[in-house]
Amino acid sequence: MKRFCILLLFCVSSAWAETPDSPYLQQAQQGDSRAQFYLADTLYSAGEYQQAESWAAKSAAQGDADALALLAQLKIRDPNAANYQQAKTLAEQAVERGSKIGNVTLAQILVNTQAGTPDYPKAIKLLENASQDIESDSAVDAQMFYGLLYANGVGIAQDDEKATFWFKRSSALSRTGYAEYWAGMLFLNGEKGFVTVNKQKALHWLNISCTEGFDTGCEAFEQISNGG
């Protein structure tokens, strides 16, 4: 399941998630740890973070590794109240238990200065591992984030050619042009401790997203180009 708040999360309303007919809810209430994780993930996508954390905690308590990764992501969701140390501990536990989602989340934490001294070699190793299983949603995120490391050029040398390679691999598993759009928006808005706002880079990747046929990328490019 995709962890980054602006990745390809198929946002489902919380009303749907809590509908009694939802198989996730029914099975989760019966104590199924995997159903509890899926319900938590759905609630996270819908912006119901408190409920998501509650169900993820129940799932994690039963040993679900992906639920630990989700709990880690919840700890860093709000930049103004992020707890990177707790998130790192949770993500490390998720990775130890075999979570590919945990690999991506831990990599995200390891390159952010809010978590301490960045460890790019370890982050890259985690992303390479998660990117191999193309049947998993985590591969989409891993490849996209790997591309961002090269596009950002902090910790490793900037290389737009390699960034393009990884973005295209990610988009091929999801939607053409999305990874470039995601990168463009990150450079537009920045991410504390990791990505510095850079309008030129934002326009570069949004333009590529548009060229790839992603309409939202075209709209964002035009808006920024026109001073929006």
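**Figure 1. Confidence along the chain of the predicted model.** Confidence in the protein chain, expressed as pLDDT (the predictor's confidence in each residue, from 0 to 100), is lowest in helix α1 (residues 14–17), with a mean of 42, and highest in helix α5 (residues 65–75), at 98. Over residues 1–21 the pLDDT is below 50, and this stretch has 61 contacts in the model beyond near neighbours in sequence, a contact being heavy atoms within 4.5 Å. The chain average is 90, and 90% of the residues score at least 70. Helices (H or I, at least four residues) are DSSP runs numbered from the N terminus. Because this is a predicted model, local features need pLDDT of at least 70 and side-chain atom pairs count only at pLDDT 80 or more, whereas totals for chains, interfaces and linings use all residues. Residues are numbered from 1 along each chain as its sequence is written, and side-chain values use heavy atoms, with hydrogens and water left out.

**Figure 2. The largest nonpolar core.** A nonpolar core is a set of buried Ala, Val, Leu, Ile, Met, Phe, Trp, Tyr and Cys residues joined through side-chain atoms within 4.5 Å; buried means under 20% relative accessible area, exposed over 50%, and partly exposed in between (1.4 Å probe, protein chains only). Of the 67 residues in this core, L127, F145, L148, L149, F167, W182 and F194 touch the most other members. Leaving aside residues up to four places away in sequence, L148 touches F167, W182, A183, L186, F187, F194 and V195.

**Figure 3. Helix α10 and its buried face.** The 14 residues of α10 (residues 160–173) should span 20 Å at 1.5 Å a residue, in agreement with the 20 Å between its end C-alpha atoms; the expected span is 1.5 Å times one less than the number of residues. Its buried residues are A163, W166, F167, S170 and S171. They cover an arc of only 135 degrees around the axis, which puts them on the same side of α10; the arc is that of the directions from the helix axis to the C-beta atoms. E161 and A172, on the other side, are exposed. The cover over the buried residues includes α8 (120–131), α9 (137–152), α11 (178–189) and α12 (199–211).

**Figure 4. The disulfide.** The structure holds one disulfide, defined as a pair of cysteine sulfur atoms within 2.5 Å. C210 is joined to C218, with an S to S distance of 2.0 Å. The torsion about this S-S bond is about 95 degrees, so the disulfide is right-handed. C210 is partly exposed, at a relative accessible area of 23%, while C218 counts as buried at 15%.

Methods:
Helices (H or I, at least four residues) and strands (E, at least two) are DSSP runs, numbered from the N terminus.
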